[in-house]
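Hello,

I'm passing a structure on to you, with the sequence alongside it. Have a look at it first, and then read my notes below.

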Amino acid sequence: MVIIPSTSTISWRRHKPELIVPQNKTPKEILHLSDIDDQEGLRFQIPILMFYKYNSSMEGKDPAKIIKDGLSKTLVFYYPLAGRLIEGPNRKLMVNCNSEGILFVEADANVELEKLGDSIIPPCPYLEELLYNEPGSDGIIGCPLMLVQKDEERH
């Protein structure tokens, strides 16, 4: 039997959020969303949680730096993700490909992934604590299109 700590015993220390921009210059353009993607009922964010266990081959490497560098390189090819949604006539959504960047938040947790057991499977009782909403980033219009949070367990 695994004893799962209550959410009050888990704490996170979040670092200052930063914007990750494409590593190289990208096109500056306005892209119209399709009528399917522009439906009023689809104007919300979708949270995704992914957990990765410690890998000894990463010893001495900074996972946050590796993730940020990878995101910056990837955004060159997926540059619309680094833009912002804007509304045009008749509330038509468009992506302003302005390379403002995606939001990255690094955090340290005082719990090991193994100690959480099956509690990270939906419905996860830690969802609200794990999915941090940076103030001003939880809207649709003018907000980063992607927020990546890297949590690292502290031993």
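Ser99 is in contact (heavy atoms within 4.5 Å) with Val21, Pro22, Thr26, Lys28 and Ala82, leaving aside its neighbours within four places in sequence. Before I go further, please keep in mind that this is a predicted model, where local features need pLDDT of at least 70, side-chain atom pairs count only at pLDDT 80 or more, and totals for chains, interfaces and linings use all residues. Residues are numbered from 1 along each chain as its sequence is written, and side-chain values use heavy atoms, with hydrogens and water left out.

You will find Ser99 in the loop between β5 (93-97) and β6 (102-109); strands are DSSP runs of E, at least two residues, and helices are runs of H or I, at least four, numbered from the N terminus. Is Ser99 buried or exposed? With a relative accessible area of 14%, Ser99 is buried, because buried means under 20% and exposed over 50%, with partly exposed in between (1.4 Å probe, protein chains only). Its side chain makes polar contacts with two others: the side chain of Thr26 at 2.7 Å and that of Lys28 at 3.1 Å. A polar contact here is a pair of N or O atoms within 3.5 Å; within protein, one must be able to donate a hydrogen and the other to accept it, and residues adjacent in sequence count only if both atoms are side-chain atoms.

Now for the chain as a whole. It has two helices and seven strands, in the order β-β-β-α-β-β-β-α-β. Of its 155 residues, 32% are buried.

The largest nonpolar core has 11 residues, including Ile10, Trp12, Ala107, Val111 and Tyr126. Such a core is a set of buried Ala, Val, Leu, Ile, Met, Phe, Trp, Tyr and Cys residues joined through side-chain atoms within 4.5 Å. Another core of eight residues lies apart from it, with Ile20, Leu71, Leu75 and Ala82 among them.

Leu71 and Leu75 are also among the buried residues of helix α1, together with Ala64, Lys68, Ser72 and Val76. Seen down the helix axis, the buried residues of α1 fall within an arc of 150 degrees, so they line one face; the arc is that of the directions from the axis to the C-beta atoms. At the N-terminal end, Asp62 caps α1, with a side-chain oxygen 3.1 Å from the backbone nitrogen of Ala64.

Enjoy exploring!
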